[in-house]
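The following paragraphs lead the reader through one protein model, from its overall dimensions to its helix packing and then to individual loop residues. Please keep the sequence and the coordinates in view while reading.

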Amino acid sequence: MKPDDRYAMEAIRNNRLKYVRLLRKTVRGKTRYFVQLVLRGKPPKKHEYGSDTVVTGLDIGVSTVAEVSSRHVQLHELAPDIPAIDAEIRKISRSMDRSRRATNPSNYNPNGTIRKGIKLQWTYSAGYDRLRKKRKELYRKRAVLMRMSHEMLANEILERSTTVICETMNYRALQKRSKDMTRNAKNGRINRKSRFGKALANHAPSMFERILDQKLHYIGKELIHTDTAKIRASQINHVTGEMIKKDLSVRSFEIDGNTVQRDLYSAFITGHTLYSSEDSMKPDTVDYESCANDFESFIFLQNKELERLTSEKKLSWYIS
């Protein structure tokens with residue numbers, strides 16, 4: 001243990017040792033062994049938590065998280081560094097495929113597909129093995145960076161507020177292929193039936209949600225999920241009370257003469273939800289009165305956030 005690691009010292013001093021694990025990891029092509037201590041109890045606090053009287057509404061999307069409270073409005077990108085690593089992984093994978101085809105030409109059909117019906121013997125070159133080790137290291141780095149990014153974002157949100165409400169999301173359903181065949185209106189080509197599987201893998205919103213909920217449990221709280229059967233935050237107009245279904249390509253629309261960004265407005269509505277009765281398991285109704293009172297402040301903070309994103313040239317598709 002590092003002598004200046006106060007966090008580790010406090011954890012060991014105040015918590016009972018439960019298990020000792022031996023971990024083997026391959027780091028930068030070398031096998032390394034670690035001793036991991038598992039302690040009973042809750043980990044020490046690294047960050048100060050925010051107020052529990054300030055309610056934060058979250059709209060957790062496929063690759064972004066919209067955060068809205070009475071004091072703060074921000075649109076975060078989930079794991080922003082991961083796409084660059086994925087591009088490098090794809091490049092190495094293509095090189096590996098060319099190498100594998102060059103060293104095993106008899107295992108492929110004339111059209112380039114792998115032969116079937118017989119047991120194939122594969123030979124790999126030394127260059128292929130080097131590429132495989134390099135790709136494995138990138139996958140390890142990718143996993144570490146993604147988790148670290150989610151941990152930092154969760155800490156940032158909880159430093160502002162510990163009463164957090166979000167929609168109930170079914171991420172597994174978003175991975176499924178579409179059943180309907182559609183065509184592109186501009187060129188007439190058939191659209192792909194694949195949906196959000198790749199984006200979910202690149203940004204892991206379910207992992208972020210799990211980490212946020214875990215951190216809240218450390219202080220005796222939990223992530224509150226709304227009843228999506230009764231509240232569809234992105235479809236509600238808090239002024240008229242109407243629900244209007246919008247296509248996913250619609251990223252902004254007008255509410256009471258003001259242009260609102262879809263994800264941020266959805267988080268605004270989510271943060272203004274209530275339990276309709278004592279028997280309600282989840283927030284299942286919108287507090288339209290508080291929405292009306294806070295809407296002007298939301299518009300002011302939203303416009304500041306959109307200006308920031310425009311100047312930094314980030315998330316252009318989400319704010320256009």
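**Overall features and helix packing**

The protein exposes about 20700 Å², of which carbon and sulfur atoms supply 50%; accessible areas come from the Shrake-Rupley method with a 1.4 Å probe, and for residues only the protein chains shown count as cover. This is a predicted model, in which local features need pLDDT of at least 70 and side-chain atom pairs count only at pLDDT 80 or more, while totals for chains, interfaces and linings use all residues. Residues are numbered from 1 along each chain as its sequence is written, and side-chain values use heavy atoms, with hydrogens and water left out.

Taken along the principal axes, the box filled by the C-alpha atoms is roughly 70 × 65 × 45 Å. The secondary structure comprises nine helices and eleven strands, where helices (H or I, at least four residues) and strands (E, at least two) are DSSP runs numbered from the N terminus. Of the 320 residues, 36% count as buried; buried means under 20% relative accessible area, exposed means over 50%, and partly exposed lies in between (1.4 Å probe, protein chains only). Among contacts between residues at least 6 apart in sequence, 62% join residues at least 24 apart, a contact being heavy atoms within 4.5 Å.

Two packed helices are described by the angle between their axes and the distance between the axes. Here, axes are lines fitted to C-alpha atoms, for helices over the stretch in contact, and angles run from 0 to 180 degrees between N-to-C directions. Angles under 35 degrees count as roughly parallel, over 145 as roughly antiparallel, 65 to 115 as roughly perpendicular and the rest as oblique.

The axes of helix 2 (residues 82-103) and helix 3 (residues 126-158) come within 10 Å and cross at roughly 160°. Helix 2 is therefore roughly antiparallel to helix 3. The crossing of these two helices is left-handed; a crossing has this hand if the near helix is turned anticlockwise from the far one by less than a right angle, and is right-handed if clockwise. Residues in the contact include Ile 85, Ile 89, Ile 92 and Met 96 of helix 2, together with Leu 131, Leu 138, Arg 142 and Leu 145 of helix 3. By class, the contact has eleven nonpolar, three polar and seven charged residues. In this classification Ala, Val, Leu, Ile, Met, Phe, Trp, Tyr, Cys and Pro count as nonpolar, Asp, Glu, Lys and Arg as charged, and the others, Gly among them, as polar.

Helix 3 also packs with helix 6, at an angle of about 50° and with the axes 9 Å apart. These two helices are therefore oblique to each other, and helix 3 passes helix 6 in a right-handed crossing. Among the residues that meet are Met 146, His 150, Leu 153 and Ile 157 in helix 3 and Met 207, Phe 208, Ile 211 and Lys 215 in helix 6. The contact of helix 3 with helix 6 has ten nonpolar, three polar and three charged residues.

A further pair is formed by helix 7 (residues 262-270) and helix 8 (residues 288-312), whose axes come within 11 Å and cross at roughly 150°. This angle makes helix 7 roughly antiparallel to helix 8, and the crossing is right-handed. Leu 264, Tyr 265, Phe 268 and Ile 269 in helix 7 meet Cys 291, Asp 294, Phe 295, Phe 298, Gln 302 and Leu 306 in helix 8. Eight nonpolar residues, one polar and one charged make up this contact.

**Loop residues**

Ser 63 occupies the loop between strand 3 (51-60) and strand 4 (64-68). With 9% relative accessibility, Ser 63 counts as buried. Leaving aside residues up to four places away in sequence, Ser 63 touches His 76, Glu 77, Leu 78, His 203 and Tyr 318.

Tyr 218 lies between helix 6 (205-217) and strand 7 (224-225), in the loop, and is partly exposed at a relative accessible area of 31%. Its C-alpha atom is 9.3 Å from that of Gly 41, although 177 residues separate the two along the chain. Tyr 218 touches Lys 42 and Pro 43, again not counting residues up to four places away in sequence.

Most residues other than glycine have a negative phi. Ala 79, which is not a glycine, has a positive phi of about 45°. Ala 79 is placed in the loop between strand 5 (73-77) and helix 2, and is buried at a relative accessible area of 2%. Asp 256 likewise has a positive phi, near 55°, and is found in the loop between strand 8 (252-255) and strand 9 (258-261). At 54% relative accessibility, Asp 256 counts as exposed.
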